[in-house]
Amino acid sequence: MSWPTIPPDPDTPRCGPPVPVDGGWVVTRHADVVAVLTDPRYVVPVAPGGPPGTLAWLRGTVSRFSAPDRHPGRRALGVAALRDLDPDELRDAATRLTMQTLDRLATAGRVEVMGALARRVPLEVLAARLGLADPAAAVPAVTTVAAAYHPGADPAAVAHADRAVAALLAMSPPAPAEAAANRIGLLVQAADATAGLIGASVRHGLAAPAALGTADLLAEVLRLDPPVRATRRVATGATRLAGREIGPDATLLLRFDAANRDPAVHPDPDGFRPGGPDQADHAGRPAGAGRDGHLALAGRSVRALTFGAGPRGCPGERHALALAAGVVEVLRARCRPAGTPVRYAPHPTLRVPTSLEVMFR
Ligand code: HEM
């Protein structure tokens, strides 16, 4: 049986000690990334906020960009909303919507996966379960907000996102402002990363042997072709990391893509290794031991750092895996690669195909 191989993207740095770049630091080793993510002296860049109902307000109110004193309460709002969603049910709903979409497109003979499925199905399923009045209309609105969500978006994208935030609030169930923002925040956080995971898993998985289970496929794609390649932290004071002096206010770019190939953790870093018995996550749980004994998916994936770690690690991991599995499994059963090149949108931290064609078998 030959498993897919996924070589590093040309701009993935090699693993090594922290490197000074452009006045900040690039962190590439697994242990160093985990050390930063779990050390309260490194904080996320905080969003300042803005007029109610705007993108700036959303960014200033979600847990993702909140200062340490506001973060736990806001995160709890998102976690509470997620607790009501059953990953098995999400997966089934994603499967059904994917099958319906493929049935509708079957006469065309081919499907552009990103637009028809990867960018749509997870969001439509999540939006419905989070109580948004018009889940189908929520999808383009969330996508518009996601495009301007991270720092550095251009003013035109921000103006579009302002209108999209207003539209999402209008279709949200009544709730205090902070709860409403963090519910929308779940959708925005889910958007690009889950689409990227589906795109990469289809790209690598359609040609893979059927014996490779979808859970293993997703876990190794998350490690070797992560949709979220990096995240940032800022040092609040002078610190030392792996023997390097980090100055106050220094920015650290934590490269998940490099850390996921760290030979100190992965003896055969570039090899595709579907969930062997040696797989354990960074919290020491064995493979298959999901946090609630639920999904083999969850236990296996966390060995990669792609969902982050520590108090700000992704609370939607099991939901993301369930949604992606629902879509990818149907595509693996019904489609084959079209052989057209896969293109990626340029982005400093995300890796999401812009288009990815497959053909019906
Ligand atoms: C493959 C899909 C996904 C990946 C790779 C991913 C990855 C991440 C990462 C790395 C972080 C932490 C960023 C940091 O610490 O700087 C994060 C945070 C977050 N993610 Fe995900 N995510 C995914 C899907 C989802 C989904 C489906 C949801 C919701 C249903 C979600 C909700 C969130 C939220 C709310 C946060 C912020 C947590 C906080 O503020 O403490 N994510 N995600």
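**View 1. Val-27 of the sheet has Leu-254 in β8 as its bridge partner.** The model shown is predicted, with local features needing pLDDT of at least 70 and side-chain atom pairs counting only at pLDDT 80 or more, whereas totals for chains, interfaces and linings use all residues. Residues are numbered from 1 along each chain as its sequence is written. Strand β2 (residues 24–27) and strand β8 (residues 251–255) pair in the parallel sense over three bridges, where strands (E, at least two residues) and helices (H or I, at least four) are DSSP runs numbered from the N terminus, and two strands pair if DSSP finds at least two bridges between them. Trp-25 stands opposite Leu-252 in β8.

**View 2. Helix α1 (residues 30–37) packs on the sheet.** The helix touches β2, β3, β5 (230–235) and β8, and its direction makes about 130° with that of β8. Contact here requires that the C-beta atoms of two residues, placed from the backbone, lie within 7 Å; axes are lines fitted to C-alpha atoms, for helices over the stretch in contact, and angles run from 0 to 180 degrees between N-to-C directions.

**View 3. Five strands form an open sheet of mixed pairing, in the order β1-β2-β8-β5-β3.** The edges are held by β1 (19–21) and β3 (42–43), each with a single partner strand, so one side of each is left without a neighbour in the sheet. Strands β1 and β2 run antiparallel and are joined by three bridges, with Val-19 opposite Val-26 in β2. The hairpin of these two strands has two residues between them, and Asp-22 takes a positive phi near 50° there.

**View 4. Helix α3 (residues 71–83) has buried residues, namely Arg-74, Leu-77, Gly-78 and Ala-81.** Seen down the axis of α3, these buried residues fall within an arc of 85°, so they line one face of the helix; the arc is that of the directions from the helix axis to the C-beta atoms. A residue counts as buried if 20 or more other C-beta atoms lie within 10 Å of its own, exposed if 12 or fewer, and partly exposed in between, with C-beta atoms placed from the backbone. On the other side of α3, Pro-72, Gly-73, Ala-80 and Arg-83 are exposed, while what covers the buried residues includes α9 (177–205). The 13 residues of α3 reach 18 Å from first C-alpha to last, close to the 18 Å expected at 1.5 Å a residue, the expected span being 1.5 Å times one less than the number of residues.
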